[in-house]
Amino acid sequence: MGTSIDADDAAAAEFHEFFEAHYAELARLAHLLTGEADAADDLAADALLALWHRWDRVRNADHPVAYARGVVANLARTRIRSAVRERRRIALFWAPRGGDGYAVDDPDVSAVVDVQGALRRLPFRKRACVVLRHAFDLSERDTSLVLGISVGTVKSQTSRAVAELQRLLGPDTPAAHVHVAVAAQRTGGSQ
C-alpha cells in the first residue's frame with residue numbers, strides 16, 4: 001500500500017518538474033499558433049491538464065515534450081476552427097440579403113419601436129423564431145438548427161408569433177407590415 005502512494009507522489013513530483021520546465025514554452029507555442037495572448041495560457045493549461053490525465057503514457061514516451069507540443073497544436077487547431085465557424089455564423093446572420101421583398105430603406109420608426117415592444121412580450125421561442133426567420137432571413141431549416149428544434153416547430157412557432165404580433169400591434173396590422181417591421185431590425189431601423 002505504501003508503494004502505491006510513493007509511486008503516486010513520484011509521478012506527481014515528476015509532472016510538477018515537467019510543468020515548471022515546459023509551461024512557458026507551451027504557452028509561447030499556443031500564442032504563436034493562435035495569435036491570441038489570452039488564449040495561450042488557457043491552451044497551455046488545458047494541454048498540461050490533458051497530459052496529467054495521461055501522465056503514465058506521456059512520461060514513458062520517447063519524446064514527452066514533443067507529445068506535449070502535439071497536444072497544444074491540436075488544441076490550437078480546434079480553437080482556430082471554432083473561431084472560424086463562429087465568424088462564419090456571425091457573417092451569415094449579418095450578411096445583407098437581396099430579393100427578399102422585405103428591404104426597408106427608410107423604416108417607419110414608430111412602427112419599429114412598436115414591433116420591438118411587441119417582440120419583447122413574446123415568449124423566447126416564438127420571439128427567436130420570428131427574429132431569425134424575418135430579421136436574419138434564415139430558412140426554416142437554418143432556424144431549426146440554430147434553436148435545436150424541428151422544422152415543424154419553427155413553422156408553428158413563427159406562425160403563432162406573427163399572429164401574436166398582429167394582435168399586439170392592432171387588428172389593422174397586416175402580416176406583411178409585421179414582416180417589414182421585423183426586417184427593419186436587421187437594416188438599422190432600430191436606431
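Helix α6, spanning residues 124–135, has as its buried residues Lys126, Ala128, Cys129, Val130, Leu132, Arg133, His134 and Ala135. The structure is a predicted model. Two further topics are an aromatic cluster that includes Phe15 and Trp52 and a negative surface patch that includes Asp8.

**After helix α6**
- Asp137, which follows α6, has a positive phi, near 55 degrees.

**Aromatic residues**
- The structure contains 5 aromatic pairs.
- One of these pairs joins Phe15 and Trp52 in a tilted arrangement, with 5.0 Å from centre to centre and 55 degrees between the planes.
- Phe15 belongs to helix α1 and Trp52 to helix α2 (residues 37–53), so this pair ties together parts that lie 37 residues apart in sequence.
- Phe15 counts as buried because its relative accessibility is 12%, and buried means under 20%.
- Trp52, by contrast, has a relative accessible area of 36% and is therefore partly exposed.
- A single aromatic cluster is formed by Phe15, Phe18, Phe19, Tyr23, Trp52 and Trp55.

**Negative surface patch**
- The most is contributed by helix α1 (residues 2–34), which gives 3 residues to the patch.
- Asp8 is located in helix α1. Its relative accessible area is 48%, so Asp8 is partly exposed; a patch residue needs over 30%.

Conventions: Residues are numbered from 1 along each chain as its sequence is written. This is a predicted model: local features need pLDDT of at least 70, side-chain atom pairs count only at pLDDT 80 or more; totals for chains, interfaces and linings use all residues. Side-chain values use heavy atoms; hydrogens and water are left out. Patches are made of residues with over 30% relative accessible area and no salt bridge: like charges are joined within 9 Å, nonpolar side chains (Val, Leu, Ile, Met, Phe, Trp, Tyr) within 5 Å. Accessible areas come from the Shrake-Rupley method with a 1.4 Å probe; for residues, only the protein chains shown count as cover. A salt bridge is a side-chain nitrogen of Lys or Arg within 4 Å of a carboxyl oxygen of Asp or Glu. Lys and Arg count as positive and Asp and Glu as negative; His and the chain ends are not counted. The place of a charge is taken as NZ of Lys, CZ of Arg, CG of Asp or CD of Glu. Helices (H or I, at least four residues) and strands (E, at least two) are DSSP runs, numbered from the N terminus. Buried means under 20% relative accessible area, exposed over 50%, partly exposed in between (1.4 Å probe, protein chains only). Rings of Phe, Tyr and Trp (its six-membered ring) pair if their centres lie within 6.5 Å; planes under 30 degrees apart count as stacked, over 60 as edge-to-face and the rest as tilted.
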